[in-house]
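Let's take a walk through this model together. Have the viewer open and follow along.

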Amino acid sequence: MKTVVVFDYGFGNVRSMMRALADQGLDVTLTSGYRQALEADGLVVPGVGAYGACMEGLRKVSGDRVIYDRLRADRPVLGVCVGEQIMFTEGEEHGVDTEGLGLIGGAVTRLDADVVPHMGWDTVQAPEGSILLDGVEDERFYFVHSYAACDVTPADTSEYQIDFADAPERVAWCTYGRSRFVAAYEHGPLFATQFHPEKSAQAGARLLRNWANVL
C-alpha cells in the first residue's frame, strides 16, 4: 500500500483530505515529522488562511525543507489551495508581501472580481497531457479563495538544488470576474491545485486517483 503524509503545520482542512486520500486505498498519516514526510510515497501540503501566516507556520516546522528535499529527490508533492499558492515566488495580501517557496514563478494577488471570494463550482481549462486532469478535463471543481496567481513565469530553482530537467510544465486555468488564474499546476514531481479536490465529488476523487498513480 502506498503511503501519503498530509503535512500538519496548522493550516488546512486535513480531515476531509485524509478521508479522500484513504478512499483511494492510500495509507494516510497526518504529521509534521520531517523523516516521515520525507520518506512517504506522496506528500500533500494543504492550506487555509492568509498567505503570510501559512508560510510562517510551514517554516516553523521545517515544512519548506521537507518540500525542497522531496522535490530534489524526485518525490511527489501536491499543494492544495493556499498550499498551491505558497509554491509561487511571493504572495501579496492586505498590502503585505511575503516570500513564497519560489518553486513556481509568479505572484499571488487578490482576485479582480465584483464578488470576492470566488466560492463554488467552476470549470477549468486543462492543458494537453495533464496528469491530474486526465479523464476530468470538462468537469467542475470546488473553489473557495480570494487570492490566486494570474501569471506563471520561469522559476530558477537552482538555489535549492532542484532540477526539473526536461519535465513539461503544465498549467490549467480558470476565469473568475476579470481574473484568469492558475487552477492547477504540474512540473515533474510538483503538483498543485487552487481548487479543493477533496471537496470536488467524483471529479476530485478521480484527480486524487490520478495523482496516486504516479506515486
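**Charges, rings and a helix face**

The charged end of Arg65 sits over the ring of Tyr34, 3.9 Å from the ring centre; that label needs NZ of Lys or CZ of Arg within 6 Å of the ring centre and within 35 degrees of the ring normal. Arg180 does likewise over Trp173, at 4.1 Å from the centre.

A word on ground rules. This is a predicted model, where local features need pLDDT of at least 70 and side-chain atom pairs pLDDT 80 or more, while totals for chains, interfaces and linings use all residues. Residues are numbered from 1 along each chain as its sequence is written, and side-chain values use heavy atoms, with hydrogens and water left out.

Now for the rings. The whole structure has seven aromatic pairs, meaning Phe, Tyr or Trp rings (six-membered ring for Trp) with centres within 6.5 Å; planes under 30 degrees apart are stacked, over 60 edge-to-face, the rest tilted. Phe143 and Phe181 make an edge-to-face one, 5.7 Å centre to centre with 85° between the planes. Phe143 lies in strand S9 (residues 140-145) and Phe181 in strand S12, so the pair ties together parts 38 residues apart in sequence. Strands here are DSSP E runs of at least two residues, helices H or I runs of at least four, numbered from the N terminus. Phe143 is buried at 0% relative accessible area; buried means under 20%, exposed over 50%, partly exposed in between (1.4 Å probe, protein chains only).

Finally, look at helix H1 (residues 14-22), whose buried residues are Val14, Ser16, Met17, Ala20 and Leu21. Seen down the axis, they fall within an arc of 165°, so they line one face; the arc uses directions from the helix axis to the C-beta atoms. Arg15 and Arg19 are exposed on the other side of H1.
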